[in-house]
Amino acid sequence: MSSEYTSNATTAGVNYTVSSLSERPDLTDEHQTTGGSAWPEFMIHDPVAIANWDKMMSYFAGDQLSMLVEGQIAAVINMVPIRVETDLIQLPDRGVDWGVEKSVEDHENSTPPNAMMGLQVVIGKNFRGQRLSEIATQEMIVHARKRNCDFVLLPVRPNGKHAYPLIPMDQYINWERADGQPFDNWLRIHKRLGGKTIKVCHQSMIIPGTIAEWESWTGQKFPGSGQYIVPFALNPIDIDVDQNTGRYVEPNVWVAHRTG
Ligand SMILES: CC(C)(COP(=O)(O)OP(=O)(O)OC[C@H]1O[C@@H](n2cnc3c(N)ncnc32)[C@H](O)[C@@H]1OP(=O)(O)O)[C@@H](O)C(=O)NCCC(=O)NCCS
């Protein structure tokens, strides 16, 4: 398990330390506030994540990292250990939900992990635009190496996709800038650090709710059945007035970094 250490962030010229919540339990509130601050309300209503969150935080406190700059949390990195088939094309069409359940099952069955799965990287709002996302990603790889894992696996949420909710993810991930690099900022960072895009996981998270819940989560009205564009959702959500349901299926992208 990692111990606290200091690294020199050469790409950004920033001095930082990395601590896990098992080393710095006093950071738990700030860590969770920073981690939660990045997401629209509906994203925190994934039933699989809710059902497993406390277990993950307790079993894997050593894998919940805070990057500290001058004593403040600049970035939050949440990871869980899992055992995966090394033929990564076999990864499921589920992503976050699958990995969350599997990490808890593997731990409870004493199955040794060979991968650290990244759940989220969040750069604190005051620290964005300083290229810390690249350093945070490198720290995930460093941590997985310390845990003797062969891979960092991520169901990546491309951070620009919400602006293109009508474009299928399989198409979006192939968009490139003029320089041939991925159009999406976050996919570009992973590629630059050697990450390999495996495939889209179309059902990474499934968020169901009643229409009243969706209206309170989004501040929108859903007067009739159909598909609706909701700010910061990567795809439209499905509303069924007769069934009183709203359902969002979030697609993510499996990306793998080898640690060796
Ligand atoms: C996605 C995230 C981690 C990126 O971190 P960041 O501090 O905003 O971005 P960085 O300074 O590290 O830059 C990363 C890339 O984005 C680009 N970028 C940063 N801010 C940008 C902006 N406002 N507009 C356009 N591009 C921008 C940078 O140019 C850089 O690309 P380049 O190196 O090819 O030039 C951060 O915005 C974040 O925490 N977002 C909320 C949570 C999230 O979406 N996490 C990822 C999924 S789990």
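A residue counts as buried when its relative accessible area is under 20% and as exposed when that area is over 50%; anything in between is partly exposed. In this predicted model, 51% of the 260 residues of the chain count as buried.

**Overall form**

The chain has seven helices and ten strands. Its radius of gyration is 18 Å, close to the 18 Å that the globule rule gives for 260 residues, so the chain is as compact as a globular protein of that length. The C-alpha trace spans about 55 × 45 × 40 Å along its principal axes. Among contacts between residues at least 6 apart in sequence, 71% join residues at least 24 apart.

**Cysteines**

A disulfide is a covalent bond between the sulfur atoms of two cysteines. The whole structure contains zero disulfides. To count as one, a pair of cysteine sulfur atoms must lie within 2.5 Å. The table gives the values for Cys149 and Cys201.

| Residue | Closest cysteine sulfur | Relative accessibility |
|---|---|---|
| Cys149 | 19 Å, in Cys201 | 3% |
| Cys201 | 19 Å, in Cys149 | 0% |

The sulfur of Cys149 has its closest cysteine sulfur in Cys201, and the 19 Å between them is too far for a bond. Cys149 counts as buried because its relative accessibility is 3%. Cys201, at 0%, also counts as buried.

Key: Residues numbered from 1 in each chain as written. Predicted model: local features only at pLDDT ≥ 70, side-chain atom pairs only at ≥ 80, totals over all residues. Heavy atoms only, no water. Helix = DSSP H or I, 4+ residues; strand = E, 2+ residues; numbered from the N terminus. Rg over C-alpha atoms; globule rule 2.2 N^0.38 Å. Buried < 20%, exposed > 50% of the residue type's maximum accessible area, 1.4 Å probe, protein only. Contact = heavy atoms within 4.5 Å.
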